[in-house]
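Biologist: I am new to reading protein models. Could you show me how to read salt bridges and burial?

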Amino acid sequence: MQTDTRIVIVGAGPAGLAAARTLVEAGLRPIVLEESPLAGGQGTRRLSPMTAPHRPALFGASAEAIARREDAEDAVLQQCDFRTGTLAWACHDNRLELLGPDGFDSLTYTHLVIAVGATDRLMPMPGWTLPGVFTLGGAQVALKRHASFIGQKVVFAGSSPLLYLAAAQYLRLGHRDLTVLDTTPASGKARAFPAMLRHEPRTALQGLSLIAELRRGGVTLRSGVRLDRIEGDSRVQRLRYTTARGRDMTAEADAVALGHGLRAETQLAELAGATFAFDPDFRQWFPRTDDMGRAGERLWLAGDSARIGGADAADAAGRLAAQSLLESLGRAADARQVQRNTRRLRKQHGFQRAMTDAFRWPAKQAASLADDVLICRCERVTAGEIRAALDTPSGPIEVNRVKSITRCGMGRCQGRFCGPALGEIVASATGEPPGRLRTQAPIRPIPLVFDAGPIAAEGEDT
Amino acid sequence: MSPALQSDVLVIGGGLFGTFTGLFLARAGLRVTLLEKGQIGAQASATNFGNLRLHGRSARQYPLSIRAQELWENYGSLTGEDCEIDRTGHLYFAGGERGETQLRKDVETATRFGVESQLLEGALLRERFGFLSDRIRLAAFSPRSAVANPRLSTPPVARAMVRAGGTVIEGCEMAGFDVTSGGFAVTSTDGRRFEAPKLVNAAGAWSGALAEKAGEPVPMFSAGPPQFVTEPLPHRLHPSVHMVEGDVIVRQIPRGNIIFSGYPRTHSLPSGAFTHVPPAKTLRGMRELAQCIPMLARAEVIRVWSGVEGYLPDMLPVIGPSTTMPGLFHAFGGSGGGFQIAPAVGQCLAALVRGEASPVDISSYGIDRFTERSEVSEKIHLEFDQ
Ligand SMILES: Cc1cc2nc3c(=O)[nH]c(=O)nc-3n(C[C@H](O)[C@H](O)[C@H](O)COP(=O)(O)OP(=O)(O)OC[C@H]3O[C@@H](n4cnc5c(N)ncnc54)[C@H](O)[C@@H]3O)c2cc1C
């Protein structure tokens, strides 16, 4: 049987890497697919050669530990069939469809571990589609991959612990004009803090020292604000907001990074056969798995793409998924490891659940968004158009129907970015929890012809 | 138990067949109630490709198709709304020799029924439709063919039906029916009851169950073609373009996206709930499309989809009265071409339900036409997974 086994791990972030490591330690050689050019994942994104010299500044005291971890990851990947720049764009009949550096290919598997992480969850606001507005993740990619800031005067806005982390990274690399506008009131954080401390004291305290670091660095910090609108003629010039005390304020800016927490990337799991349940604390749909991350006969899910939990939880979940996979191959799982990682995972998930209180997803705000605010930027659909589509003779209707009528979620991103806000607008009318947009392949746009050459200028076309 | 809702006619199914039938009945003053298990126009009538083509139809179907095209051309005044109807014309081309023979035959058939279609080859073809690859030697253009946006086409018909006095009940699935002295007593899965002297079976790919219960089972199966859509591009492709062999069926929608459909079709899940799009078919379609229309090589595919359609062995629908139960009428099994004929199907069936003569002869669409000896369309072998 062993020779017929083909284990594929999609995603080389903390979860995928932990799964790979456990399997390699058990003497197996999984295939690891990674869409981006480097292993590492999102939050723990590796530095590009361009940014590598800034390593000590960026990571401070942890620089050495991070370097050691990356070396260990590389050692594991050397014992895998590791393919970077390779997108798994569909999954059907136990086969993945790939688009890699050499074109289209497909790969049948006997065991599939999906660990493709999360992306920013956004609540649209007036002006959010102006050039100069990024996601928090985008701001971090600019820094870590391209060694550049998104602007000279940067505002990090929304409700997410990553606001503080991203601002700190900018500060460490010498940025001196930074503002953090956090929409969650300080009181909410104070309320959640005991629970956070109980589940993960180290991470909770790290959060506090980040804030202290930002203060020392002269970063403007405001919490409990309401974000009113982003303004500018042809690009971002300022962000208007209201303070907790009700004062109208303006932050001058040439770039804004927005984020309201993370959204699990669940498309591939859905195509691979996972089913979903709505989590009312996170207000998002997560795939159903057992305690070890198993979601089907040949399917395991780990990390943020299975449940938002952060890097540590992803590591634990990756190991557990691999242990469960080994068990399915008839090997005994390492009971101690399973026990330890189950405990780790539980603690992290408790912590994240407490954090959903400290950094609230502004679900209610969707209901009050002005009609002319764009929700779906790919298809240019406004909040007003969505509301008009809800007004049917048989009452408000569910998200997939609204998508079909308005095109919201039908564009390039396939609803990955507008989906959460669309869900909340619909939910505010139906009174039901937000629905889930159905997934269809491809999970990213794929070209008709691989490598068709450069695009001819308008008019030069044949 | 609450009393049954009384109507003159009950229509099962809120696709285009059901809603158009309902609209014409309501306009004639009948009390019509339409039951839809999900939402109006969310199945085949919404997921289809949107071709209103007058090319390549079976000779038997032309009278119905031409009547339907007239109705589509008046969709605005019929429903008071728009569904992006565009008289793009239909460019039918042959991919190979088999296609060339077929194309010549098809153009002759269309012309015989008074549908304008012009054969194009050589320099003329290049000059008019330069986007087609040089490999393609023979094509035909039908200027009256059109397209519409399927996602937007059924709800306006239902709304017009309601304005004319009809009743539409969504989220109401017929579980079964009984024949009573007054006609039919229908029960929904959630226990609601409806009674009417006349019953119309327009449940699309799900119509077989009702027909079987009426003692006239049909050899229908469910399937759908693989389809995909690209990101929006500048407008370059005006006619709807269609390879006779069915490998490439493509058009550019008003938003600028290119949408694609192509055979072989895929069988729906046994539950009938869904038709998968196997990625291998998407890749094949992408390759074929880039070969036929090279200027699209760089377009990026953003989504695939299919639908659940009922197909019959001769690739023609069932339209007409039941042969076993007076008062029962059928309209289903669009067999891949039901979008175009839908308004005429509704008009003809409404006439029959009211006891009048159908404005177009539909006697060849009877439910009792399937016997051991009936002809099976060659499309069944050519256009589906075997
Ligand atoms: C992918 C695809 C592409 C196509 N392309 C074209 C094209 O380009 N041109 C063309 O002319 N045709 C095309 N067709 C065919 C066309 O879409 C169909 O023939 C036509 O829409 C059929 O309409 P309908 O009303 O019979 O079925 P449907 O639209 O499927 O409606 C049937 C309705 O009945 C409801 N129903 C079923 N059972 C029950 C029950 N027990 N109780 C209550 N309600 C019930 C269903 O929910 C459904 O809404 C295509 C089909 C597909 C799938």
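Modeller: Gladly! Let's begin with burial: a residue is buried under 20% relative accessible area, exposed over 50%, and partly exposed in between (1.4 Å probe, protein chains only). This is a predicted model, where local features need pLDDT of at least 70, side-chain atom pairs count only at pLDDT 80 or more, and totals for chains, interfaces and linings use all residues. Residues are numbered from 1 along each chain as its sequence is written, chains are lettered from A and ligands numbered from 1 in the order in which they are written, and side-chain values use heavy atoms, leaving out hydrogens and water.

Biologist: Is B:D247 buried or exposed?

Modeller: B:D247 is buried, at 16% relative accessibility.

Biologist: And what is a salt bridge?

Modeller: Side chains of opposite charge can pair when their charged atoms come close. The rule asks for a side-chain nitrogen of Lys or Arg within 4 Å of a carboxyl oxygen of Asp or Glu. By this rule, there are 49 salt bridges over all chains.

Biologist: Which residue forms a salt bridge with B:D247?

Modeller: That is B:R284, with the closest N and O atoms 3.1 Å apart. B:R284 is partly exposed, at 31% relative accessible area.

Biologist: What about the salt bridge between A:R407 and A:E379?

Modeller: There the N to O distance is 2.7 Å. A:R407 is buried at 14%, and A:E379 is buried at 5%.

Biologist: How exposed is the pair A:K153 and A:D177?

Modeller: A:K153 is partly exposed at 34%, and A:D177 is partly exposed at 30%. Their salt bridge has its closest N and O atoms 3.1 Å apart.
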